[in-house]
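Welcome! Please open the structure in your viewer and get ready to select a few residues as we go.

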Amino acid sequence: MRIVGLTGGIASGKSTVSNLFKSNGVPVVDADVVARDALKKGSGGWKKVVAAFGDEILLENGEVNRPMLGQIVFSDPDKRQFLNRLLAPHISSGIFWEVVKLWLKGYKIIVLDVPLLFEAKMDKFTKPIIVVWVDPETQKKRLMGRDKSSEEDAGNRINAQMPLDMKRDKADIVIDNTGSLDDLNEQFQKVLIEVSKPLTWTQFWLSRNGALIILASLTSGVVLCIKALS
Ligand SMILES: CC(C)(COP(=O)(O)OP(=O)(O)OC[C@H]1O[C@@H](n2cnc3c(N)ncnc32)[C@H](O)[C@@H]1O)[C@@H](O)C(=O)NCCC(=O)NCCS
Ligand SMILES: Nc1ncnc2c1ncn2[C@@H]1O[C@H](COP(=O)(O)OP(=O)(O)OP(=O)(O)O)[C@@H](O)[C@H]1O
């Protein structure tokens, strides 16, 4: 199985690229969706976060007030690290089980869309790593436009992540999303060809079909040995 890492900065265009993968039949595990589930009312993550940050971060219906928690953690690095530590085990296990489900369905290529892929050191499990890069000015403009946020809030969120230029240096493939959606689509088509190349032998043996071949070979080997010995 090939696990492709997709990362970038906030509002650099990861979800837009994820949607292109999905519309081309490549499944995507979205870490933001997993993180949202990890913070749903009553979940293990929710209990830890409420115990740590208090009832004041809850809405009337008991769900976490995400904008309020965002305000708290994106303006205070210590609180953000604390939240990260509380949620990290829930997010990694959530991603793991999503990958297992796709493996069981027999997918050979999947994409992990993880904003904090490098920060959380999950890059070691993915190859190739795609970084969606955008110039800083466009990034802030798109973030403010999408989230209807102030320049200060947008700046805080951008600064909460590893600098995007540093991520670009660590990438196997860089998508420059500073231009139009048509430009992005053009680059994506080349990336799709690259990512869809035949699996390496290691990736093949790690896929469901590879594992089934190993299992079938082992089983027939054992049966033959038993027959030969009897
Ligand atoms: C603080 C929270 C409640 C704010 O929620 P909100 O709905 O406003 O933002 P959302 O979750 O949609 O995140 C938007 C983007 O913010 C960035 N971001 C989210 N969490 C973090 C973080 N801890 N550090 C840096 N950037 C982050 C990502 O680029 C993400 O795509 C939420 O972001 C959260 O629970 N974060 C901690 C979990 C986490 O690390 N998520 C990232 C998955 S790898
Ligand atoms: N090439 C583009 N031209 C114009 N707008 C774009 C382009 N690419 C993305 N956008 C817009 O920029 C915003 C951010 O894109 P997107 O949500 O895909 O980023 P993201 O990296 O997934 O963000 P996050 O880290 O918050 O999950 C969205 O409003 C999206 O529609």
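Let's begin at ligand 2. Select A11 together with this ligand: a polar backbone atom of A11 is 3.0 Å from an oxygen atom of ligand 2. Keep in mind as you look around that this is a predicted model.

One of its backbone N or O atoms lies 3.2 Å from an oxygen atom of ligand 2. Then pick G179, where a backbone N or O atom lies 3.0 Å from a nitrogen atom of the ligand. How much of the accessible area of ligand 2 does the protein cover? On its own the ligand has 630 Å² of accessible area, and the protein covers 77% of that.

**Next stop: ligand 1**

Move over to ligand 1 and display the 22 residues that surround it. Which of them are closest? They are D32, R66, N84, R157 and Q161.

Three of these side chains deserve a click:

- R66: a polar side-chain atom lies 2.8 Å from an oxygen atom of ligand 1.
- N84: an N or O atom in its side chain is 2.7 Å from a nitrogen atom of ligand 1.
- Q161: an N or O atom in its side chain is 2.8 Å from an oxygen atom of ligand 1.

Here the protein covers 89% of the 770 Å² of accessible area that ligand 1 has on its own.

**Next stop: the sheet**

Hide the side chains and switch to a cartoon view. You will find an open sheet of five strands with parallel pairing, and reading across it the order is β2-β3-β1-β4-β5. The edges are β2 (28-30) and β5 (173-176), each of which pairs on one side only. Neighbouring strands of the sheet are turned by 20° against each other on average, direction ignored.

Zoom in on β2 and its partner β3, residues 109-113: the two run parallel and are joined by three bridges. Select D30 here, and you will see it standing opposite D113 in β3.

**Last stop: two helices**

Colour residues 14-23 to bring out helix α1. This helix lies across β1 (2-8), β2, β3, β4 (129-133) and β5, and runs at about 150° to β1.

Finally, colour residues 181-195, which form helix α9. Helix α9 lies across β1, β3, β4 and β5, running at about 165° to β5.

How values were computed: Residues numbered from 1 in each chain as written. Chains lettered and ligands numbered in written order. Predicted model: local features only at pLDDT ≥ 70, side-chain atom pairs only at ≥ 80, totals over all residues. Heavy atoms only, no water. Pairing = 2+ DSSP bridges. Helix = DSSP H or I, 4+ residues; strand = E, 2+ residues; numbered from the N terminus. Axes fitted to C-alpha atoms, helices over the stretch in contact; angles between N-to-C directions. Contact = heavy atoms within 4.5 Å. Polar contact = N/O pair within 3.5 Å; in protein donor to acceptor, adjacent residues only side chain to side chain. Areas by Shrake-Rupley, 256 points an atom, 1.4 Å probe, with all protein chains shown as cover. Near = heavy atom within 4 Å.
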